[in-house]
Amino acid sequence: MLRSKIFSAIENAKTPSGQPFLGGKVPAVYLALEERIVQEANRLKQENSAYPIIHERRMKQLAHDLTGKVGAEKLTKEKMAQAVCFLHEAGVLLHYDDAQSNLSDLYFLDPEWLCSMMAKIVAHREINGFLHDGVMETSQVEHLFASERNRFPPKFIKRYLRLLERFGIVLSHEKDGKPYLLIPSMLPTKRQIPHCHGFGTRRIVRHYQMPYIPLGFMARLIARLYLFADSMLEGKPEKTIWRSGVHMHWPLVAYCIIEVSEVGNGGGQKDKPVA
């Protein structure tokens, strides 16, 4: 049943231009560009000091070299964008058209290499020395790549962090004028709520029941609250965060707890998340 639904969804899927994915013809210039990119990636791998990253100028040069080969037509700016989009979806390269994050100029020719570099921030064995409850100073990131200088260019670290933010792996914020990174997957798993004095029994509780919690939803919610809590009420609150919740306390003024929990279906069995 599920397999049939998946096949039906793929069969009915269409490209942005309205053409079906299955059975559609791939322009010869796309395949020629793919071959040229693979050659470029192999060339960079053979140079120990090189990285599988090229800039837009080099990408245009690779595309220009195709003119007249295997019947390949000249790639206009629009057609080149379509070709890059196709190769991105095919896993040949990775490119993110995000000018605001200064990523549009970069083309990653080895997706596996980029994924391994992105995993460093959470999988590096030395990261625990820089982390405190899932938060680390942004300046410490460069130290994680001290032994990777021949594999990762230090000049790309700022854009590397923006790429991590794009996928919700890290979230940047400032504290006392210093830039910090919040790493949701490295937050404590245990619920941490200190006792708040002076509020009696007055409280308001709201439950939002959802069929499911979207991937990354809680991490982004925690980060937004963590960032904007300072402007919610007068004075800065004491903040405590863990993987599924956040606690904010304005001494003698108010406190707030937001977390994801599970509710039972009447028989004690947990089935639906509540925020």
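**Exercise 1. Locate Asp110 and decide whether it is buried or exposed.**

Start with the place: Asp110 sits in the loop that links strand E2 (106-108) to helix H5 (111-123). Helices (H or I, at least four residues) and strands (E, at least two) are DSSP runs, numbered from the N terminus. This is a predicted model, where local features need pLDDT of at least 70, side-chain atom pairs count only at pLDDT 80 or more, and totals for chains, interfaces and linings use all residues. Residues are numbered from 1 along each chain as its sequence is written, and side-chain values use heavy atoms, with hydrogens and water left out.

Next, the accessibility. Buried means under 20% relative accessible area, exposed over 50%, and partly exposed in between (1.4 Å probe, protein chains only). Asp110 comes out at 16%, so it counts as buried.

Last, the neighbours. Contact means heavy atoms within 4.5 Å. Leaving out residues up to four places away in sequence, Asp110 touches Lys45 and Pro52.

**Exercise 2. Check the length of H5, then find what its buried residues pack against.**

Length comes first. The expected span of a helix is 1.5 Å times one less than its number of residues. For the 13 residues of H5 that gives 18 Å, and the end C-alpha atoms are 18 Å apart, which agrees.

Now list the buried residues of H5: Pro111, Trp113, Leu114, Met117, Met118, Lys120 and Ile121. They pack against strand E1 (53-55), E2, strand E3 (135-137), H6 and H7.

Zoom in on one of them: Leu114 touches Leu94, Tyr96, Phe108 and Leu163, not counting residues up to four places away in sequence.

**Exercise 3. Where do the buried residues of H8 fall, seen down its axis?**

Length again: H8 (residues 217-228) has 12 residues that should span 16 Å, and its end C-alpha atoms are 16 Å apart, which agrees. The buried residues of H8 are Met218, Ala219, Ile222, Ala223, Leu225 and Tyr226. Taking the arc as that of the directions from the helix axis to the C-beta atoms, they fall within 165 degrees, so they line one face of the helix. Their cover includes strands E4 (171-175), E5 (178-182), E6 (238-242), E7 (245-250) and E8 (254-259).

**Exercise 4. How many disulfides does the structure hold?**

Use the cut-off: a disulfide is a pair of cysteine sulfur atoms within 2.5 Å. The count is 0.
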